[in-house]
Each structure stands twice: as C-alpha cells, then as structure tokens.
Amino acid sequence: MTQKEITIPVSGLHLKAVLHMPEATNPPVVIGSHGLLSTKDSGKQLTLAARCNAFGAAYLRLDHRGCGDSEGRFLDTTLATRVDDLLAASGLLRDMGLADNGLALFGSSMGGATCLASWQLLMDRGFPIKGMVSLAAPVDGTGITEAAIAAQKELHDVPLSYYQENMGFDITPGLSGIHHILVVHGDNDEIVPIGNAHKIMAETGTPKDLIINHGGDHRMSDADHQARFFTRATAWLKTALLES
C-alpha cells in the first residue's frame, strides 16, 4: 500500500489531496469529503483509507478549497464550490485511469451534503458511481440554527453571517437517483438535526440502510459508535464496489 500526494486544479486554485493505493491493479476508488471545518487528515478519513486499501480499493483524501493544505479562502467555500472540488478530483482520477473501475463516496457533515449533491452530476459525466456512506449530513441547511452553531466552540471564529448566507440550501429534490447508500446519524446531534437522515432515507433509492447512534453527537465522539461505524461503513463500501 502506498500514499501519493496529488494536486488538483480547479477554479484557478490548487487543491491538495492524498491518494492511498492498494496492491491491487486498477482498483475501484473512494473519494472522501471532509466536514466544513475539518480537513483530509481527520481520523475518520485516515481510518477509512486504510480499511479500503485492505479490501483492495484506492482512497482519495481531499482538502476542499480554503481548508488544510489547499489554496483558497475558507469564507469562499460553499456547497456549490465543494461540489466543484469533488468533480475536479473525480476528473483527475479518471485522467489517472482510476475512476472507471468503480467509484464510491464518503462524506462527513458538509462533506456528506457535498457527496449527495454530486451524485447525479457524476452520473451525468459517465462516472460508474456505485455507492456512498453519509455521516451526519445536512440536506436542508436551514435546520442549522444559530443556537446549534453556537454549540460547537470551533465555529465561533466564523461569522454567523457566513452560515446565514451559505447554509440555506435544500438538496432534497436531487436525492431520488441515489442508491447503495448507508446513512449514519446521531439522535443527539447538536449541529445537524437527525431529521436530515430521515429525509435522505425517504428520498433515496435502494439498497439503503440507516444507522442511528443513540445518544450520539455530531462528531460521533463515542468509541462504540465509532467502532460500529468503521465496521459497517467498510463492509458497505466493499459490497458496493466489489459486488454490486
């Protein structure tokens, strides 16, 4: 298994990513999209990358614009620009000969919304997208209230006006074409209400499954919840990429 740093050009910027390659030849690939204030180096991304490599899939950890090692201003990142980032990453993987043997997505929080909003666009571009894991994803950003934002200390450095201007999206109408999706959400999520998970389940196609972390918060900080997540998410991605 090897790791390779790659640069992805988009909108005049250079995004940074790390590609984890298994020993398999011409493997399917998973693209990971991180949360709003996270980066490609989050523990979830690193663990999933290792687990995907173990069953023979490549994994791309992407820093969205304005985050981590990528160029750009954070305050310029929106759902639309993050979708552009993911599409650019997919295109580069295709140029590298890696996107035509199966593509799957993992998104956490805003990354989940990014993956959900990108699915049909990837299909329209002819990518063989086979599945997705969505963790604590908002589909209706209007539910992310000021009180919920204030509950997470790290968000205090971002002005409330940013959320008011950029979190009013509703991607529910575009969910119907999505299938092979595993939805994970905590029923005590203080940032993204669990109703978002139920909307995803109501609108997407089969096969699909829902894991509710009882008492679980937005960060999935409970160790038991994390262990179950990694086991189920790995199995879901493996089935979607290798058996569907």
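The structure holds nine salt bridges, a salt bridge being a side-chain nitrogen of Lys or Arg within 4 Å of a carboxyl oxygen of Asp or Glu. This is a predicted model, where local features need pLDDT of at least 70 and side-chain atom pairs count only at pLDDT 80 or more, while totals for chains, interfaces and linings use all residues. Residues are numbered from 1 along each chain as its sequence is written, and side-chain values use heavy atoms, leaving out hydrogens and water.

**Exercise 1.** Work out which residue pairs with D85 in a salt bridge, and whether the two are buried or exposed.

Solution. Start with the partner: D85 bridges to R65, with the closest N and O atoms 2.7 Å apart. Finally, both D85 and R65 are buried, that is, under 20% relative accessible area, with exposed over 50% and partly exposed in between (1.4 Å probe, protein chains only).

**Exercise 2.** Find which parts the salt bridge between D209 and R232 ties together.

Solution. First, the closest N and O atoms of D209 and R232 are 2.7 Å apart. Then, D209 belongs to strand β8 (residues 208-213) and R232 to helix α7 (residues 223-242), so the bridge ties together parts 23 residues apart in sequence. Last, D209 is partly exposed at 27% relative accessible area, and R232 is partly exposed at 33%.

Technical notes
Helix = DSSP H or I, 4+ residues; strand = E, 2+ residues; numbered from the N terminus.
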